[in-house]
Amino acid sequence: MTGSERSTGPVPLPAPLPRVRVTAPQTAASRGSLGALGPATGTGSTPAVRPQPSEADRLFVRSLIRSQLRLAVVCALGFVVSLAAIIVVSALPLLADATWAGVPLPWLVLAFGAYPVVLVIAVLYRRASRRNESGYRSLAEDS
């Protein structure tokens with residue numbers, strides 16, 4: 001390295017570029033045939049205004065939310081109780097020294113006992129949730 005090739009210090013960074021705001025287009029084509037609030041009015045940019053929901057509609061929605069929350073709490077509690085039961089079973093002294101194919105039995109109980117429980121709870125939740133929603137739909141259509 002010769003004397004003229006020595007670095008004189010850090011190289012200055014270029015000035016940062018200005019920020020640009022990126023937004024999605026707000027046209028009827030980007031929303032499809034239905035806008036955020038209802039079908040397009042024909043102008044291509046303003047959605048039609050929906051009428052205010054009635055007191056019965058509000059009651060039905062509150063009822064649906066309460067039933068879905070109750071279902072979620074019951075499923076969560078069922079999961080916690082079943083997981084606690086699996087842990088208690090795997091901690092039994094009878095199983096502590098048992099092995100199968102060289103793997104301790106409590107490990108197998110924890111590994112293969114929890115996943116079927118989660119699957120069953122998920123299937124039951126989905127079925128009950130759909131039943132709640134179909135009941136809501138039938139009530140909302142009747143009113």
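Let us start with residues 107-125, where the chain is 100% helix and 0% strand. The end C-alpha atoms of that span are 27 Å apart. Please keep in mind that we are looking at a predicted model. UniProt, in an unreviewed entry, lists residues 107-125 as "transmembrane region", together with residues 71-95. In the model, residues 71-95 are 92% helix and 0% strand, and the C-alpha atoms at the ends of this span lie 35 Å apart.

The protein has four helices and two strands, and along the sequence they follow the pattern α-α-α-β-β-α. Of the 143 residues in the protein, 13% are buried. The protein exposes about 11900 Å², and 67% of that area is supplied by carbon and sulfur atoms. As for contacts between residues at least 6 apart in sequence, 43% join residues at least 24 apart.

I turn now to helix H2, which covers residues 55-90 and holds valine 73.

The next point concerns the two strands. Strand S1 is formed by residues 99-100 and strand S2 by residues 103-104, and alanine 101 sits in the loop between them. The backbone deserves attention here: alanine 101 has a positive phi of about 55°, although it is not a glycine. Is alanine 101 buried or exposed? Its relative accessibility is 72%, so alanine 101 counts as exposed.

Finally, I come to helix H4, residues 105-142. The structure holds one salt bridge, and it joins the side chains of glutamate 133 and arginine 137, with an N to O distance of 4.0 Å. How are these two residues placed along the chain? Because glutamate 133 and arginine 137 are four residues apart in helix H4, about one helical turn separates them. Both partners count as partly exposed: glutamate 133 has 29% relative accessibility, and arginine 137 has 46%.

Thank you for your attention.

Methods. Residues numbered from 1 in each chain as written. Predicted model: local features only at pLDDT ≥ 70, side-chain atom pairs only at ≥ 80, totals over all residues. Heavy atoms only, no water. Buried < 20%, exposed > 50% of the residue type's maximum accessible area, 1.4 Å probe, protein only. UniProt positions renumbered as here; feature names shortened; annotations may be inferred. Contact = heavy atoms within 4.5 Å. Areas by Shrake-Rupley, 256 points an atom, 1.4 Å probe, with all protein chains shown as cover.
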